Each structure stands twice: as structure tokens, then as C-alpha cells.
Amino acid sequence: MGSLVPEALFTDPDLARAVTRGLAQTEALLEDRLSRGHDVMIEAARYLSDAGGKRFRPLFTVLAAQLGPEPASPRVPVAAAVVELIHLASLYHDDVMDESALRRGAPSANALWGNNFAILTGDYVFAHASRLCADLGAEAVAIIADTFGELVAGQARETAGPRPGQDPVEHYLQVIWEKTGALIATAGRFGAMFSGADAAQVDRLRRAGDAIGIAFQIADDIIDIASSADQSGKRPGTDLREGVHTLPVLYALREEGSDADRLRALLVRAPSRDDDVEEAIALLLRSPGLKRAQADLRRYVDRAFAELDELPAAPANAALRDLVHLAVERAS
């Protein structure tokens, strides 16, 4: 998204100012917390935060709060910072599990400091999140503990693969809910909780976050296949090169016919030759699997919008819809 507040989201200047202020407070908290503590950990703990990123989860938290009766509550940026710290902690662990050499175009923490230190850094960032979350009360601590448990379960489930006889698509959707949807759901839930919203609104924003998180991951799956490097910001077929079978691939591999047979042969192991990756992408682009993944994407977006339909018709509601459109429009 570039800036912390994408200009395309806001036609209402009061909302733009409120969200900009909330995100600036969140950023100041991140800077403060990650600069504290044991000197041996500070550089690595700040590394991914300083590298930037979309800050989508804090943005969703602050936007969700604008629908509550106390959108300027000082607890909202604290909640947004907690959610972002949990996300950052998970990235250190993910890069070790995935043996990633790069993160956001720069060397990953594990490439710079080694796997052991990267794991410890993720744990240390989680400790910062836990300490900050304690300021929000026991309920928030319990929610974050459950959410972090989902993230860990998702990584473990992805590593283990489907159980014998389990539908690979069902397994994949469970993984992306645990790894992505659960934390975005908590972001929406926290934004509502700490702006004084009632229980029904809190639950609606949690469910909207569930659906948005899954939709975002499916959109990324499609973009990896269907967009150019200029459009997506990364090399097409990155998931294929890493041996990751995302939703369009899983659907395509279910098909019958010569195209599906050739795709299975190309993807029996992660392709390393550019020609093989390009051929696999061409097969996927004309496969019904891509259209099925796009249909699933629309279904989850519609599910999120159905929850937003029941929330106050405020400028923040329109901005949440625009945020979803911005994230998924390239995959349609």
C-alpha cells in the first residue's frame, strides 16, 4: 500500500485525520517497545518492523474502531500495536520454517543471524506483544493467546500436510484461516472492543476479519499466477518455485485431461527452470482451477460485506469495503 493510510480509502477528511492519528500513535508504540529491553535483542527485534510493510492489521483495527462510540480511545492504538507485534513475531518463525532468504525484498532475519537467533527474536517480539497486551486486560490477553495458538497450529498444519484421505482444499483453507484469517479477525475484534462497541458489533467485525483474511490470501494465490511482476511487486510463480500448492493449483490438479496431466508432471517437485515455471503458469491460466479460486475469492468477499452490511453506515464502513476492493481487485 505504500503509505500507512492509502489515500484511495478516504473521501471523508475527518476519517482520514482520525485514522492517520491512530496509526501514528500505533507506530510510535511499536518504535518505543521494540527499542526497549535487552541490548542483544534490539537490533534483530526492530529489523522487520523497520523494514516497513503494509501495516494492514493496525489499519483494520483503527478503521474498525471508527465504527464504535469511542473511536479515539487511547486503548485502540495499543490494541493495534499488539496485533502488529504478533504478526511480526510470526514472520520471524515463518521465514525459518520456510527457509526463506528474503523478506520484503531484503535479507530475512534468519539469513542475517541464523535460524536459532531468528526463532528467539520471534519469541522476544511475542514477549513484547504480551507485555503490551497486559495493559488491555485479562480478556485481551486470553484472546491474543488463543490467536497466537491458531497461528502456530496453522504453521504446523501446513508443515505436516493433509492427513491421509483429507481433501487438500479443505486442508489449505484451514491453514490460511489459522495463519492469516485468525489474526485479522482479532484485529477487527479489538478495534470494536476498545472503541466501546457492543457484543454484536464486536462479533460482526471478528467474522468480517475471518472472511477478509481468507480472501486476502486467496487473492495473493491468484496474483502470484495471474499478474506480472510490475503489477504484483514480486516474481510471478514464486509459490510454484517454492513448491507451494495454493488454491488455484490444488483445483487445477483435480482436473482431467492432457493439460492437467502435464501440470502434474511439472509440479511433482518444485520446478527450478524458468521455462517449466512459465509453462505451468500458462497451463494454470487456462485451467478451470483458476476460475474456481476466483469464485471462492468472491464468496469470501461477499461474506465479509454481508457482515459490514449490518454495521453502522458510516464513512469507516465504506473505507473498510474500499480496503477489501484494493486488496483483491487485481485477482478478479
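| Pair | Centre to centre | Angle between planes | Type |
|---|---|---|---|
| Tyrosine 47 and tryptophan 113 | 5.3 Å | 85° | edge-to-face |
| Phenylalanine 56 and phenylalanine 216 | 4.8 Å | 65° | edge-to-face |

This is a predicted model, in which local features need pLDDT of at least 70 and side-chain atom pairs count only at pLDDT 80 or more, while totals for chains, interfaces and linings use all residues. Residues are numbered from 1 along each chain as its sequence is written, and side-chain values use heavy atoms, with hydrogens and water left out.

Tyrosine 47 lies in helix H2 (residues 39-50) and tryptophan 113 in helix H5 (residues 109-113), so that their pair links parts of the chain 66 residues apart. Helices are DSSP runs (H or I, at least four residues), numbered from the N terminus. Tryptophan 113 counts as partly exposed because its relative accessibility is 28%; buried means under 20% relative accessible area, exposed over 50%, and partly exposed in between (1.4 Å probe, protein chains only).

Phenylalanine 56 belongs to helix H3 (residues 56-65) and phenylalanine 216 to helix H9, so this pair ties together parts 160 residues apart in sequence. Both residues are buried: phenylalanine 56 has a relative accessible area of 6%, and phenylalanine 216 has 12% relative accessibility. Ring pairs join Phe56, Phe60 and Phe216 into a cluster.

Arginine 55 is found in the loop between H2 and H3. Its phi is near 55°, a positive value in a residue other than glycine. Most residues other than glycine have a negative phi. With a relative accessible area of 4%, arginine 55 is buried.

How far apart are the end C-alpha atoms of helix H15 (residues 288-309)? They are 31 Å apart, which agrees with the 32 Å that its 22 residues should span; the expected span is 1.5 Å times one less than the number of residues. At the start of H15, a side-chain oxygen of serine 287 comes to within 2.9 Å of the backbone nitrogen of glycine 289. The buried residues of H15 include Gly289, Tyr300 and Phe305. Arginine 321 lies over the face of phenylalanine 305, at 5.2 Å from the ring centre; a charge sits over a ring if NZ of Lys or CZ of Arg is within 6 Å of the ring centre and within 35 degrees of the ring normal.

Terms used: Helix = DSSP H or I, 4+ residues; strand = E, 2+ residues; numbered from the N terminus. Polar contact = N/O pair within 3.5 Å; in protein donor to acceptor, adjacent residues only side chain to side chain. Phe/Tyr/Trp six-rings, centres within 6.5 Å; stacked < 30°, edge-to-face > 60°.
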